Amino acid sequence: EVLSDISTAASMPQPPHIYEALWHEKAHALERELRSEAAAVAEVQDRIQWLRVQLQHLPGHQDERVVEIRALLVEVADRVRDSARSAALCVSTSRLHYRVAGLAL
């Protein structure tokens with residue numbers, strides 16, 4: 001069998017300085033990867049801190065603006081409910097009126 005140059009080179013003993021160079025290269029690659037991961041973690045931590053600050057600026061349940069808005073929404077809901085009842089009563093009354101008018105003819 002004829003061995004390729006790559007398999008022949010891989011099976012041949014390498015001088016110690018080549019192994020050292022390979023380990024240094026791997027170490028540098030791992031350092032770059034760790035720096036990249038650390039930068040990503042720092043970015044996420046910054047984002048979390050920013051979100052915490054934003055949450056502190058949100059109005060709470062007892063904030064007078066929120067209380068006023070809730071009161072206005074209750075008032076609007078009441079008016080809508082009253083209008084719906086009035087409309088239903090009008091429809092019901094007009095149906096009754098047409099039925100009575102139909103009987104009178």
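Here is a walk through the helices of this chain, its surface and some of its salt bridges.

What you're looking at is a predicted model, where local features need pLDDT of at least 70, side-chain atom pairs count only at pLDDT 80 or more, and totals for chains, interfaces and linings use all residues. Residues are numbered from 1 along each chain as its sequence is written, and side-chain values use heavy atoms, with hydrogens and water left out.

The fold reads α-α-α from the N terminus on, with 3 helices and 0 strands (DSSP runs numbered from the N terminus: H or I of at least four residues for helices, E of at least two for strands). Of the 105 residues, 1% count as buried, where buried is under 20% relative accessible area, exposed is over 50% and partly exposed is in between, using a 1.4 Å probe and protein chains only. The chain exposes about 10100 Å², and carbon and sulfur atoms supply 63% of that.

Now for the charges. The structure holds 5 salt bridges, each a side-chain nitrogen of Lys or Arg within 4 Å of a carboxyl oxygen of Asp or Glu. One of them sits in helix H2 (residues 16-57), where arginine 35 and glutamate 31 are 4 residues apart, about one helical turn. Their closest N and O atoms are 3.8 Å apart; arginine 35 is exposed at 55%, while glutamate 31 is partly exposed at 37%.

Helix H3 (residues 64-104) holds arginine 79 and glutamate 75, also 4 residues apart, and their salt bridge has its closest N and O atoms at 3.0 Å. Further along, aspartate 82 and arginine 85 are 3 residues apart in helix H3 and form a salt bridge at 3.7 Å between the closest N and O atoms.

Notes. Accessible areas come from the Shrake-Rupley method with a 1.4 Å probe; for residues, only the protein chains shown count as cover.
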